[in-house]
Amino acid sequence: MDTVLTPAALEATKALVQLVLQRQRDGHLEVPVALRHQLDAVPKEALLASIRRHRLECLLHGDPLVASLLPELQTALQVLARQNAMAAMALASLTREMAALFERAGIPMLVIKGIPLALQTTGSLIARGRGDLDLLVDNKRLPAVVALLESAGFSRCPGEFPSQLSSVWGRYSRWAGYEFSLTRQGPAGVQWIDLHWALSNVRAPLPSFALAWQFGEQLELNGQSVRTLSRLHAFQHACAHAAKDQWMCLRNLIDIDRLANQLKGCDLKRLRHQPTVRWSGAVTQAVTANEALRQLNRGRPSAGSARAMVLAAHAQARPWRSQGPGPWTPRRWAASVGLLLLLSRAPRDWLRTLLFFTLLPGAFSDPETGEDRGFAGFLQARIIRLSQRLNERRPSNQAANASLPEADSKPKEVVARSS
């Protein structure tokens, strides 16, 4: 997951995705001769690394045509897909447990992404593979929700968010932020919940909790009712989520493609004024060749959509959630924040985003003790962190840092939101 993908492996992976999705949309489809040559030219280890990086094991392993094209990878894909299926089953069990917990407590909650999205887009709870449990709740009920999850054995991650949610900095962090994580030791390992009170810190294009709940869709998961986003809201969220991550993961683009197939043309046209939808549609259409997405850009990508496709190409080749080679730089930070500012046309979102990345909610919590910091402690922590980052940029330290092993993906995501 930490290897930079070769251009040939990435392009071959995209071609496989397009082939499988076209077969699912249109039925039988012959394999282009050019694709066979393209696959033959890519080392199979590099192709497998690309498939894993983009979480495509579950998509590719079940297609007999893919098996005939990649006989050397068939066994490996089956093993990886089986592991993903087991992880998805564990996630389904946790989803049912949490849905029942909130139902008994009488607290409204929606499960976003994960198992409900797999059911909406494929009809199978294991078809998207592994993931974490993402819950969306009303901001006003957040303290009660945290208490409920703690009663079920979950605990907050220190250093990510103020522990006192009703304090001055706790209220600020709830306004500027939109999620934090909780963990619990489960039978098969650590279980993660990402608790959201908004779908993104860029909120204007997306529904509020009240609106999402009003139009939410009720699904049945092994006898347990689970409420999730409507297909229209799920599509908007999938576009915004992909854009926030610079369209780095092909599995997220597949979600967009499949959800678009379930929407009416008038619904898609109604959403094309939103940058997240228009740009994500262009990036996805370039990979999946889904004509339904072309209307989001009126047939021809705009300058913004073209720029999004360039950003996506770079992000898709980098390691997971990497912002590029080398240490942190102010310019790279500004570019990331600038992209988020472009995703919304609402001044309140611009202010929220700028404050979130300067007065970071995670810096108000001590990562060692979990105790809250005041503003003086916050400033001291930020100065120390900035000094560390500037020191990492020195040539003498870059070589040493390059040899350090990467952490697991989930802890890296938590650190990314608080660093």
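In helix α17, which spans residues 347-356, the residues D349, R352, T353 and F356 are buried, where buried means under 20% relative accessible area, exposed over 50%, and partly exposed in between, with a 1.4 Å probe and protein chains only. Helices here are DSSP runs of H or I with at least four residues, numbered from the N terminus.

This is a predicted model, in which local features need pLDDT of at least 70 and side-chain atom pairs count only at pLDDT 80 or more, while totals for chains, interfaces and linings use all residues. Residues are numbered from 1 along each chain as its sequence is written, and side-chain values use heavy atoms, with hydrogens and water left out.

Another buried residue is Q316, at 1% relative accessibility, and Q316 belongs to helix α15, residues 303-317. Leaving aside residues up to four places away in sequence, Q316 touches several residues, among them L5, R53, W247 and V283. K14 is also one of the residues touched by Q316, and the side chains of Q316 and K14 make a polar contact at 2.9 Å, that is, a pair of N or O atoms within 3.5 Å, of which, within protein, one must be able to donate a hydrogen and the other to accept it, and residues adjacent in sequence count only if both atoms are side-chain atoms.

Helix α18 (residues 375-392) holds L379, which is partly exposed, with a relative accessible area of 38%.

Technical notes:
Helices (H or I, at least four residues) and strands (E, at least two) are DSSP runs, numbered from the N terminus. Contact means heavy atoms within 4.5 Å.
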